[in-house]
Amino acid sequence: MLGRVNHVAIAVPNLAAAVTSYRDTLGATVSAAQALPEHGVTVVFVELANTKVELLEPLGDGSPITAFLEKNPSGGMHHICYEVSDIVAARDHLVQAGARVLGTGEPKTGAHGKQVLFLHPKDFSGTLIELEQA
Ligand code: CO
């Protein structure tokens with residue numbers, strides 16, 4: 001079911017500072033910031049030869065990454081995103097297997113304009129998983 005790793009995401013307390021360190025210290029190409037109010041985050045993507053790293057900063061009240069940053073004040077690895085060829089079929093298979101899909105269980109539009117879902121970290125070795133329609 002799982003395809004390629006689309007990105008690894010790191011939650012950060014200060015997106016501008018994280019962009020500076022990735023762009024200027026690590027010498028990476030970093031995309032422009034994109035606000036995703038539906039997801040409660042502002043994101044940039046670090047573009048790498050084989051994948052991407054997503055840097056996430058809270059946006060607005062009740063951001064889903066606020067509690068994570070309270071526990072990890074300097075930031076930390078937040079989720080890994082895998083591509084799937086059919087997100088609805090993947091969701092149905094996972095629900096039938098007893099996995100918990102977060103939110104309403106319906107895919108939302110993610111940062112790449114594609115459908116995404118998140119799976120409960122307790123069902124997958126303590127790691128939040130994002131699935132993205134390839
Ligand atoms: Co993501």
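Predicted model: local features only at pLDDT ≥ 70, side-chain atom pairs only at ≥ 80, totals over all residues.
N14 caps the N-terminal end of helix α1, with a side-chain oxygen 3.1 Å from the backbone nitrogen of A16.

Now extend your selection to the helix itself, residues 15-25, and colour L15, A18 and V19: these residues of α1 are buried. Why do they sit on the same side of α1? Because they cover an arc of only 100 degrees around the axis. An α-helix has 3.6 residues a turn, so residues three or four places apart point the same way. Turn to the other side of α1 and you will find A16, D24 and T25, which are exposed.

To see what the buried residues of α1 pack against, show β2 (29-30), β4 (41-47) and β5 (52-58). Before you leave the helix, click on G27, which follows α1 and has a positive phi, near 70 degrees.

Next stop, the largest nonpolar core. Twelve residues make it up, among them I80, Y82, V84, L94, L117 and I129. Display β6 (76-84), α3 (87-96), β8 (115-119) and β9 (128-133), the elements that each give two or more residues to this core. Zoom in on V84: leaving aside residues up to four places away in sequence, V84 touches M1, L2, A90, L131, E132, Q133 and A134.

Last, look for the largest pocket, with a volume of about 490 Å³. Which residues lie nearest its centre? Select H39, P64, L102, K108 and F118, from a lining of 28 residues. Strands β4, β5, β6, β8 and β9 each give two or more residues to that lining.

Conventions. Residues numbered from 1 in each chain as written. Heavy atoms only, no water. Buried < 20%, exposed > 50% of the residue type's maximum accessible area, 1.4 Å probe, protein only. Helix = DSSP H or I, 4+ residues; strand = E, 2+ residues; numbered from the N terminus. Arc of directions from axis to C-beta. Contact = heavy atoms within 4.5 Å. Polar contact = N/O pair within 3.5 Å; in protein donor to acceptor, adjacent residues only side chain to side chain. Core = buried A, V, L, I, M, F, W, Y, C linked by side-chain atoms within 4.5 Å. 1 Å grid on protein atoms, 1.4 Å probe; cavity = no way out; pocket = protein on both sides within 12 Å on 5 of 7 lines; lining within 4 Å. Points joined across faces, edges and corners; volume = space filled by probe spheres on them.
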